[in-house]
Amino acid sequence: MHKIKSTNATRLLFFVAIGVFFFLLSNRVDELRVYQGATLAMYVVAISSLILLTGYSGQVSLGHGALMAIGGYAAALSHEHFGAPIWICFGIGVLAAGAAGAILGTAAARLSGPYLAGTTLALAVGLPSIANQFTILGGEQGLLFDVGFPPESLGPDFTQYKWYFWIAGLSALISIWWLQNLLRSRYGRTWRAIRGNEVAAELCGIHIGRSKTLAFTVSSGLAGLAGALLAMTISTVSPSAFPLALSFSLLTGAVLSGVSTLPGVMIGALTLVATPEIADVIANRIAASESVATNLPGILVSALLILVVLLVPNGPVEQWRASRIRKSANTHR
Amino acid sequence: MFGYNRRKLLVASVVLATGGLTLSAIPAQAFSPRMEVGVSSTEIKLGMTLPMTGTASPGYNKIPSAVKAYFDYVNANGGINGRKITLIAKDDQYVPTLAVAKTNELLLRDKVFALLSPLGTANNKAVASSVNPGRRRVPVLFVNTGFSGFANKKAYPTTFTILPSYIVEAKIMAEYIKDTFPDKKIGLLYQDDDFGDDALAGFKQAGLNFAIKVPYASGAQGIAGVPATWIQKLSGAGAEVVVLFGVSSATGAALGTAAVLKYGPKWILGSVGGDATTIKALGVPAGVLYNATGASFLPATSDTTDEYVALFQDINKKYNNNAVFDNNVLVGMNTAFVTAQAIKAAGTNPTRRSLIMAIEKSGAKFASAGLTPLNFSATSHTGYAGYWFGTYGPTGDLKPNGGAYTVYTTDSANGAVVKSTYKRPAMPTKGLPN
């Protein structure tokens, strides 16, 4: 077999190809799918930030929903008070969440296991309700974050949701591409070393605390971007948009993706977007009551989480790759 | 990360290509050339989003079945121009994210003709800018919020409000307070957002001075100890009459905490927070409401001498499993009642455009249980604009002061508050659209 070398150029080409493919796809499917595509892209960013943290640097976060909230609010505030263009707003969202992540990461680097999980969980529970204390954050009602209509040059048939999809899709592609490169760099190797064995990594001269904090900061920044994208797709930020359930869904998405495999991120995101749809079909089929229908997506996601942990603990992608490696080892014997 | 080789690339591109073709083959439901979206020869589909589960749902979760009950009654009597009306209600749990997602499903998958009575200021705002029914020319009939902004035809061209705006309510309440309690110290508790800003604008317009104004951030009522600080501020300022202009949970929290702290001013409740069923569902005993002043624009739910209340109670028995007949049921049925007339007025083959034009043209003449006229016209998308005041009985029933409805009306702008001389026309035969 002729191996195509995985260089920066081929990777970039690959991402551009994916981008073109989705761009063409967005012209063919109906509007609901385009909207779901935008949500999917948002989940891709959010889940990849969690994969970076958990899978590559070995830290756990049950509170990524809160970091997304910081990004969303920062973007909305900068849009409302300074009238910043949307790209700048997204940037501010990333920076704000990254800064919060840096502070949190400093504390997190000293914690591990259940303590870290508990701390981040507390953040997810507590942070959104801060919005209820300060009127500048708009209370329960939240703030509007309206990125505006698509530019007129795109034509009259260019829908709002396609615009959201473009923005979210491009953001997702750029972040994943950047993340791929980061994980291949010195930092990525350092994080993996820490995840593998902290003591061994320290003996190699790696500053554990600093590296972990950096991972937390980068991950938070990405979560902030996801938060701003979420805020865009619903045109608003409010505490109720970032419930505890969001943090848990992201974690489920990450596990489904395989916590240490970035390419699997689509699987997790797709599952999270598709679950409510599937639940809806099931609820209609069995003519379930409203309270059953409401809770069904949660039940499905949880059941899936349990099944994945039991059957394919490393995630389907990792499993597939492992079996490939085994197979090729066998054939080369 | 990726081990690239040719075969892999080949497989990947085949998968991508097949996936793309499959996805693109999903039929975008063909728009019928003659019939409007959501209208078939036998059916007209309407969609609604509101909290049916979750903390905000008590009370409101009774609305969909009440609306359906009235539509069932119409359908049993031949429907509207031979078409039956169906309602698809979706639970948004009072979460803007879900409101947007569910509205998308209603419009893009279920293909409803119009949105009916979506609830909540924040949710409606999120839907308005994300889903943007205005741009899609989808009628949003009778939003279930009194935020005056939704009456702005420029910003929300296809939206109609039906509840009197919070500005109207505050203006009328201010006049009532000035007349009834001229020398008392007045206190105000209000929600510090669009909802409360509307109220403040109304009170200011009417020239009512408060001894103390206590704002609360929406949601703060759920934080332990916070309601006690409101009561301390109000009683500290010596307020003898206190206006509660908040949601039910805040109203309930204020009343409950005041009872514990033995602070007993004359309470005046805004319409949003004054629903006894909702307050009871929150665990506050109805007795806490006893003797408080409240306001409404519909007849009292216990007033069986009112022909609308009598009809709706009858429909409630037959089509709604005889649910407890409270203000939510009454509001739901009345909204459905007005909607049925709007659809009828939109012509034999209604379109979204003809529906909007019908309400603009003849909406002011629609029959309804309301004790004030509907103000629909080509320039106005607002519904009712008036209130009567009453007193809560020991079970939480609101009864008009002096035994008869004395209705005051005004507008959301500079208009004066006047005693209404409106005589509600008789109900159409059998309460069906004519």
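Mentor: The domain assignment of chain A gives domain 1 (8-242) and domain 2 (243-333), where domain bounds come from an automatic or database domain assignment. This is a predicted model, in which local features need pLDDT of at least 70 and side-chain atom pairs count only at pLDDT 80 or more, while totals for chains, interfaces and linings use all residues. Residues are numbered from 1 along each chain as its sequence is written, and chains are lettered from A and ligands numbered from 1 in the order in which they are written.

Trainee: Which helix gives the most to the side of domain 1 of chain A that touches domain 2 of chain A?

Mentor: The contact takes 25 residues from domain 1 of chain A and 19 residues from domain 2 of chain A, two residues being in contact if their C-beta atoms, placed from the backbone, lie within 7 Å. On the domain 1 side, the elements that give two or more residues are helices H2 (31-57), H3 (64-82), H5 (113-130) and H6 (160-184) of chain A, helices being DSSP runs (H or I) of at least four residues, numbered from the N terminus. With 13 residues, the one that gives the most is H2(A).

Trainee: Is the packing of H10(A) and H11(A) roughly parallel or oblique?

Mentor: Helix H10 (residues 244-257) and helix H11 (residues 265-285) of chain A pack with their axes 7 Å apart, at an angle of about 135°; axes are lines fitted to C-alpha atoms over the stretch in contact, and angles run from 0 to 180 degrees between N-to-C directions. Angles under 35 degrees count as roughly parallel, over 145 as roughly antiparallel, 65 to 115 as roughly perpendicular and the rest as oblique. The angle therefore makes H10(A) and H11(A) oblique.

Trainee: Is Phe14(A) buried, exposed or partly exposed?

Mentor: Phe14(A) lies in helix H1 (residues 8-28) of chain A. A residue is buried if 20 or more other C-beta atoms, placed from the backbone, lie within 10 Å of its own, exposed if 12 or fewer, and partly exposed in between. Because Phe14(A) has 17 C-beta neighbours inside 10 Å, this residue counts as partly exposed.

Trainee: How far apart do the C-alpha centres of domain 1 of chain B and domain 2 of chain B lie?

Mentor: Chain B is divided into domain 1 (43-164 + 301-384) and domain 2 (166-296). Their contact takes 12 residues from domain 1 of chain B and 14 residues from domain 2 of chain B. The distance between the two C-alpha centres is 28 Å.
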